[in-house]
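Subject: The two-chain model, plus notes

Hi,

Here is the structure I said I would pass on. Have a look at it first, and then read my notes below.

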Amino acid sequence: MKEYDDREIREALKQSFPPSNPELGRDLWLAVLRKLDARPAPVPWYDWALLGLSAGVLVFFPRLVLVFAYHL
Amino acid sequence: MDLRQRFARGEIDAFETLVRQFQGNIYAWIVRIVRDPSIAEDLTVETLWRVYRARHHFRPDGNFGAWARRIATNLAIDYLRRKRPEETLLAEPAGMSQPDRVLQRETRQKIQLAFRRLPAKLQVPAMLALVEERSYEEIADALGTSVGAVKHRVFRAVRLLRERLTKLGVRPE
């Protein structure tokens, strides 16, 4: 069976993907500004729990800092 | 103070000026990759948002347009990775519904689908080089890679596409 050569692949792709209009239809500044103003995603509760647990462990077992430091 | 320096310091007025200056270029680049104006607008907004968030990494003596384009290209690649190929099929443009002498509608869709099933890292350089006829240097710059790597990816894309079209029984007219 005849296969596409490189030139035919290029032509087939050009005909399958007609030219797209590269002109931007509207100003996007306000959309960008809205996105910048949007509140950042809240930190999930389990992250706070993990932070609290880690802080608690280090307060009650301060020597564990050395173990953590060793593994870092 | 230079506009880019003011942007790097987080001045929103400077950023607004840069957005107005570069949004058209960024959109045009993205739409060439994703081929969907609405998706391209969304990705342009996302790009500009990321640009602002990453302003501390921008060197004020650097090329703002090239830097933003690289961020845009990475976002477009991520979009193509997430999207199912079937969802990216293009609607037939007006006036193209009649049987086409060169390629029938069905064949075009098969080719689109086979192309969209290629890995995103191959699709993007292949689309830009083969369909949009952008230079290898420009594509390499946008991808943050070498010209040799771009040529290799385009070569692999063509080889894979040829194999897949042969399997699908899609042959040149």
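Before I get to the helices, one term: a helix axis here is a line fitted to C-alpha atoms over the stretch in contact, and the angle between two axes is taken between their N-to-C directions, from 0 to 180 degrees. Please also keep in mind that this is a predicted model.

With that in hand, take a pair of helices in chain B. The axes of H2(B) and H4(B), the latter covering residues 64-82, come within 10 Å and cross at roughly 35 degrees. The crossing of H2(B) past H4(B) is right-handed. On the H2(B) side, the residues making the contact are B:Leu18, B:Phe22, B:Asn25, B:Ile26, B:Trp29, B:Ile30, B:Ile33 and B:Val34. H4(B) answers with B:Phe64, B:Gly65, B:Ala68, B:Arg69, B:Ala72, B:Ala76 and B:Tyr79. Sorted by class, that contact has 12 nonpolar, 2 polar and 1 charged residues.

The largest nonpolar core has 52 residues, and B:Ile30 and B:Ala76 are the ones that touch the most other members. H2(B), residues 12-34, gives the most to this core, with 11 residues. Where does the core sit relative to the domains of chain B? It lies between domain 1 (1-83) and domain 2 (98-173), because both of them give residues to it.

Leaving aside residues up to four places away in sequence, B:Ile30 touches B:Ala40, B:Leu43, B:Thr44, B:Ala72 and B:Ala76.

Stepping back to chain B as a whole, you'll find 8 helices and 0 strands. Of its 173 residues, 34% count as buried. If you take the contacts in chain B between residues at least 6 apart in sequence, 66% of them join residues at least 24 apart.

Now for how the two chains meet. On chain A, 25 residues are in contact with 34 residues of chain B. Helix H1 (6-16) and helix H2 (29-37) of chain A each supply at least two residues of the side that touches chain B. H1(A) gives the most to that side, with 9 residues. By class, the side of chain A that touches chain B has 14 nonpolar, 4 polar and 7 charged residues.

Cheers

Methods:
Residues numbered from 1 in each chain as written. Chains lettered and ligands numbered in written order. Predicted model: local features only at pLDDT ≥ 70, side-chain atom pairs only at ≥ 80, totals over all residues. Contact = placed C-beta atoms within 7 Å. Helix = DSSP H or I, 4+ residues; strand = E, 2+ residues; numbered from the N terminus. Nonpolar A, V, L, I, M, F, W, Y, C, P; charged D, E, K, R; others polar. Core = buried A, V, L, I, M, F, W, Y, C linked by C-beta atoms within 7 Å. Buried ≥ 20, exposed ≤ 12 C-beta atoms within 10 Å, placed from the backbone. Domains from an automatic or database assignment. Left-handed = near helix turned anticlockwise from the far one by under 90°.
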